[in-house]
Amino acid sequence: MIKKKSKFLTFLFAFWPGAGHMYMGFMKMGISLMGIFMGLIAISSWLNMSSIIFFLPLVWCYAFFDALNKSSLSDEEFYSLQDNYCISTQSIYQLKQIFNGKERQIFAIVLILIGVDILWQNLSWIFQWIIPRWIRIHIGGLIYHIPQILIACLILYIGVHLIYHKKIELSIEEKKQSEEKK
C-alpha cells in the first residue's frame, strides 16, 4: 500500500537502490530498481566484464533521487502516483521503435564490441600458451589502448560530422537567400 512516510527514513532507505521506494509502498518500482542494480553486479562478475559496473552509479543516482523526489511531493501528487515496474512491455516496445536506422546500427556495433570484450576477457588466457611473451606484451598494450582509440575516433567523427553538416546548412541558406534576392 502506497503511503507517505517519514522523510528521514525514506532518505536512509534511499541509499540502497529500491529500498526507499519499497518503504513508501512502491513495491514494483523498488523490486525492479533493486533487481537492475543487483543484476548489473551479477552480470559484470559472472561475465568478467568490469565495464558494466559503470552503469551502477546511474542506477543508484536514479533510485536515490527518485525516492527523495517522490517523498517530497505534495499529498495530492504523491497519492496520484502509480506503482509500475521500471521495465515494462510497453517500454520495450518503445525501445524497439527507437532503434531503427542509424540508432539500430550504433546499438548493433555496441553489442558487438561488448561481445568481443567478453570473449577477450574470457579467452585471453589461452594466448599465454600459444604466443611468445614479447608478442603478448605488445598485443596487450595495443588492446589496452583500443578503447581510448575508439573513443577518440568517435569524437573525431562526431566533430567532422557536425562541421560538415553545418557547412551544408550554410550553403543551403546561402542558396535560399540568393534565390530570394532574385
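This is a predicted model: local features need pLDDT of at least 70, side-chain atom pairs count only at pLDDT 80 or more; totals for chains, interfaces and linings use all residues.
Modeller: Local features need pLDDT of at least 70 and side-chain atom pairs pLDDT 80 or more, while totals for chains, interfaces and linings use all residues. Residues are numbered from 1 along each chain as its sequence is written, and side-chain values use heavy atoms, with hydrogens and water left out.

Biologist: What distance does helix α4 reach from its first C-alpha to its last?

Modeller: Helices are DSSP runs of H or I with at least four residues, numbered from the N terminus. Helix α4 covers residues 56–71, 16 residues in total. The expected span is 1.5 Å times one less than the number of residues. That expectation is 22 Å, and the model is close to it at 23 Å.

Biologist: Which residues of α4 are buried, and what covers them?

Modeller: Buried means under 20% relative accessible area, exposed over 50%, and partly exposed in between, with a 1.4 Å probe and protein chains only. The buried residues of α4 are L56, V59, A63, F64, D66, A67, K70 and S71. Their cover includes α1 (7–13), α2 (19–24), α3 (27–46) and α5.

Biologist: Is F78 buried or exposed?

Modeller: F78 sits in helix α5, residues 75–79. Contact means heavy atoms within 4.5 Å, and, not counting residues up to four places away in sequence, F78 touches I2, K3, K4, M24, F26, K70 and L73. Because its relative accessibility is 0%, F78 counts as buried.

Biologist: Which backbone nitrogens does the side chain of D83 reach?

Modeller: D83 lies in the loop between α5 and α6 (89–98). D83 is buried yet has no salt bridge, and K28, the nearest side chain of opposite charge, is 5.8 Å away; a salt bridge needs a side-chain nitrogen of Lys or Arg within 4 Å of a carboxyl oxygen of Asp or Glu. The side chain of D83 has a polar atom 3.0 Å from the backbone nitrogen of M27, and reaches at 3.1 Å that of M29.

Biologist: Why is the pair of F15 and F64 tilted?

Modeller: Rings of Phe, Tyr and Trp (its six-membered ring) pair if their centres lie within 6.5 Å; planes under 30 degrees apart count as stacked, over 60 as edge-to-face and the rest as tilted. A search of the whole structure finds ten such pairs. The F15 and F64 centres are 5.0 Å apart and their planes at 50°, so the pair is tilted. The pair links the loop between α1 and α2, which holds F15, to F64 in helix α4, 49 residues apart.

Note on methods:
Helices (H or I, at least four residues) and strands (E, at least two) are DSSP runs, numbered from the N terminus. Lys and Arg count as positive and Asp and Glu as negative; His and the chain ends are not counted. A polar contact is a pair of N or O atoms within 3.5 Å; within protein, one must be able to donate a hydrogen and the other to accept it, and residues adjacent in sequence count only if both atoms are side-chain atoms.
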